[in-house]
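Thanks for coming. I will walk through one model and stop at a few places in it.

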Amino acid sequence: MGLRTYILRRIILAIPVLFGAALFVFAVIQFLPVTLRATLYVTNEKQISRLDEIAKLYHLTDPVYVQFYYWLRALLLERNLGTDSLGQPVYEAIMKRMPTTVEIVMYASPIIVAIGLTLGVLSGANKDKLIDQASRVLAIMGTSLPSFWFGIVLLSIFYAGLQWFPPQRVGIEAQKFIGMANSSWRWYTGLVTIDALINGQLWIFVDSIRHLVLPVTVLSLLNSAVMVRVTRSSMLEALSKDYITAAKAKGLTRKEVINKHARRNALIPAMTISGLMVAGLLTGVTITETVFNMGGIGQYAARSATRIDIPPVIGYTIMSAVVFVISNLIVDILYAYIDPRIRLG
Amino acid sequence: MVEERPLGTTLLTLLEATVGLIEINLGILMLLVGNPLPTVLGPIDAFSTGILLVFLSIMSLFTAYSLWAGGPTNWIQAVLVLVIDAIAKIMLVVTYGTSWIALAATLELDLIALYYLTRPSTTPFFGGDGVRSVLEKFRIEMQPRIKELRFTFRLVRKSPLSIVGAAIIIFYVLIAIFAPYLADPTAAIAQTGDPNMMWKDNELLRLSSVQPQLPSVNHPFGTMEGQYDIYYGCIWGARQALRIGLYVAGGSMLIGLAIGVFASYYGGWIDEVLMRFTDIIFAFPGLILSMTLVVILVPLGFNRLDAVMLSLTIVGWPGYSRLIRGEILRIKNEDYVEAAKSVGCSDLRVIYKHILPNSIYPILIVFTLDIGTVVLGAAALSFLGIGAPPGYADWGQIIALSMNWIYGSPSNPFGNWYTFVIPGLFISMFVMGWNLLGDALRDILDPTMRRK
């Protein structure tokens, strides 16, 4: 099987999963009474008083499969995710908050990969040495500490105590500057750090980085724990293989054996975990954004959940399923690209 | 002719069947009529207790059947049976406090087991021998298992992490059982009628409004927003954590195993449908899906705690199904399974005697680790405000209430440290205990690693 066939096959296999996920969410919604379900289709405030019309428009009293068709159609064609209890369409609300979340994840991911792979390889190569013990402690901590508590402790030290890293997306000064009517600020990417550089406002860049330090720390420390674990065990496995003995027998130095023979083979299985990491990140941003009041989509969904406001939560769930499935697809394809055994086997 | 069965098998089978049947009755009764038993501590989420009891009993009946079908093939099965029995009893005590009913229930189980063992129709199993030779037989029969058990204990002794983990867990179990003595529930019951709700110090509320108060004689860990006693919340929170962990991880395990075994052993379209369904559940990040399910379940009239447990279980069981499926597919084609089939063993017997014992290790390990994960997830939901109802003794909620008080005062910015540091340590230690134990079990129980 060639790489192209493999990729095509993976994409075709991902479609029923996405469809099934949509079906699952739809099935869950079906438990709600008609009036509550109708609010999931409302797109402006005027419609809230006319839920009967909505129910008729989207065939909410028709057989289930007809409903599903119109629900999926509204979702895909109109991008209709309903309106939250504050009267804002969910799709727009999510899109507006997306850059903040993207920015946090953008800074956290490379850190996670760097810590995870480096520590994993080091501790696998130096089993039971100090570095190994240290990274195991990190791994246990990462799986045992509640992320929200870790965030609160960091806030109390670095915000309440030292006043270094405040919560929220940017400080009040920067907010004022960005929001001013005659401001010279222009949005390009939606990412504050990048746009600040493009706008030439170095102080806003510094300010936004200060606000990002804590959420990124929480997200990357806790998520890298899983990566350290997996890399370590795949490194240990690689080191026990026959080709390592052969390499040693050839008289290669320990460094060469580890760097050229063991590490390369150990990193491949570690890559598959990056698909799981996306789930960790999505869950992680939901909590860290809430703790640090960042105003991203995670916080939006969590705040809505607290109010038992269903449309935003459903919208966020659908979105995260799509992101998760697609990123797993990408990981699979990359994996096959790097390791020919996968696509040939 | 009476079929000869090993004595240990007979003992365990009868005990298990009895315990299972009693639990099923208790559980169904609780599910149907709420809490039928008068308890000192009042009605305590009878619904979820009922669910747990039914789960436990189904599992113990299955185990009893598998024992009946041929006896424990290895020591772990025997231990598993005893552990299930112990959990059932602990849960009874945890749920009903140390009231007379718990004592009576456990005594009753033992008495009925004893009755079965001594009544005339069971005596043929003793082979008509005297008690001494019965004990002798028992000793000889159990010898290889005892040897394995000793070996396991030696491995446990060699792995300090597992001892630390187990010690932490025992510590929390003791806290949960003796909560009424460690933190007097009189004030809580007087205020809310439920010992699982934290009590407010109304005197302090009048004096200093909602501002958290430093630890004092009346409040060893201080008070949090609304003058709830943190010490009380931390102690009774142990019950909540154990309850959620065992219910959700146990429930997911039982459902997952039952469905996974059924589907993968018979294969075909059932298997296909099951696997596609787990694919769908895995398409969502777990915590986000459970958040959604809670948000849907609460408007439907579910009580908050039930909604949390139900949603975490729905998210959790496919993992076990997949795990057992992989194991079964691996073992299914092994020679010894083929051999068992060719001599005419029934499907159930093959599953329970050959497949489950060989795949029980990874499941036990995942179960242990899962308890920690589940408690973390439930705490996160509580933190987001959709977990435990307001005022419930729940670690996640205590931390959530501390959010507004991170900043002490200009002169002392860390002034309110106790509102989040102490409950945070409680939850982290709890999860760490299960993680340490799970990690250590991985090395100890895995038969391929065991003798290395």
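Let me begin with one residue: does A:Asn293 count as buried, exposed or partly exposed? A:Asn293 has 17 C-beta neighbours inside 10 Å, so it counts as partly exposed. Before going further, please note that this is a predicted model.

Where does A:Asn293 sit? The residue is in the loop between helix 12, residues 254-292, and helix 13 of chain A. Its phi is positive, about 55 degrees, although A:Asn293 is not a glycine. As background, most residues other than glycine have a negative phi.

Chain A has a further case to look at. A:Ile308 is not a glycine either, and its phi is near 50 degrees, again a positive value. You will find A:Ile308 in the loop between helix 13 and helix 14, the latter covering 310-338, of chain A. With 15 C-beta neighbours inside 10 Å, A:Ile308 counts as partly exposed.

Now chain A as a whole. It has 15 helices and zero strands. Its C-alpha trace spans about 80 × 55 × 35 Å along the principal axes. Chain A has 345 residues, and 41% of them count as buried. If we take the contacts in chain A between residues at least 6 apart in sequence, 72% join residues at least 24 apart.

How confident is the predictor in chain A? The average pLDDT of chain A is 80, and 94% of its residues score at least 70. Confidence in chain A is highest in helix 13, residues 297-306, at a mean of 86. Confidence is lowest in helix 15, residues 340-344 of chain A, where the mean is 66.

Next, a helix pair in chain A. Helix 6 covers residues 130-144 of chain A and helix 10 covers residues 202-239 of chain A; their axes come within 8 Å and cross at roughly 130 degrees. Why are these two called oblique? An angle over 145 degrees would count as roughly antiparallel, and 65 to 115 as roughly perpendicular; the angle here is roughly 130 degrees, and helix 6 and helix 10 of chain A are therefore oblique to each other. The crossing of helix 6 of chain A past helix 10 of chain A is left-handed.

Which residues make that contact? From helix 6 of chain A, the residues include A:Ser135, A:Leu138 and A:Met141. On the side of helix 10 of chain A, they include A:Leu221, A:Val228, A:Arg229 and A:Arg232. By class, the residues of the contact of helix 6 with helix 10 of chain A are seven nonpolar, four polar and two charged.

Moving to chain B. Chain B has 19 helices and two strands. Its length is 452 residues, and buried residues make up 47% of them. Of the contacts in chain B with a separation of 6 or more, 74% are between residues 24 or more positions apart.

There is a helix pair to show here too. Helix 12 of chain B packs with helix 14, residues 304-332 of chain B, at an angle of about 130 degrees, and their axes are 9 Å apart. That angle makes helix 12 of chain B oblique to helix 14 of chain B. The crossing of these two helices of chain B is left-handed. Helix 12 of chain B contributes B:Leu274, B:Thr278, B:Ile281 and B:Phe282, and helix 14 of chain B contributes B:Val315, B:Pro318, B:Ser321 and B:Arg322. Those residues divide into five nonpolar, two polar and one charged.

B:Ile398 counts as buried, with 30 C-beta neighbours inside 10 Å. Leaving out residues up to four places away in sequence, B:Ile398 touches B:Met224, B:Ile230, B:Gly233 and B:Pro423. The C-alpha atoms of B:Ile398 and B:Lys158 are separated by 37 Å, and these residues are 240 apart along the chain.

Last, the contact between the chains. How many residues does each chain put in? Chain A gives 40 residues and chain B gives 42 residues. On chain B, helix 12 (268-282), helix 13 (286-297), helix 16 (347-383), helix 17 (395-402) and helix 18 (418-445) each supply at least two residues of the side that touches chain A. That side of chain B has 32 nonpolar, eight polar and two charged residues.

Notes:
Residues numbered from 1 in each chain as written. Chains lettered and ligands numbered in written order. Predicted model: local features only at pLDDT ≥ 70, side-chain atom pairs only at ≥ 80, totals over all residues. Contact = placed C-beta atoms within 7 Å. Helix = DSSP H or I, 4+ residues; strand = E, 2+ residues; numbered from the N terminus. Nonpolar A, V, L, I, M, F, W, Y, C, P; charged D, E, K, R; others polar. Buried ≥ 20, exposed ≤ 12 C-beta atoms within 10 Å, placed from the backbone. Axes fitted to C-alpha atoms, helices over the stretch in contact; angles between N-to-C directions. Parallel < 35°, antiparallel > 145°, perpendicular 65-115°, else oblique. Left-handed = near helix turned anticlockwise from the far one by under 90°. pLDDT = per-residue confidence, 0-100.
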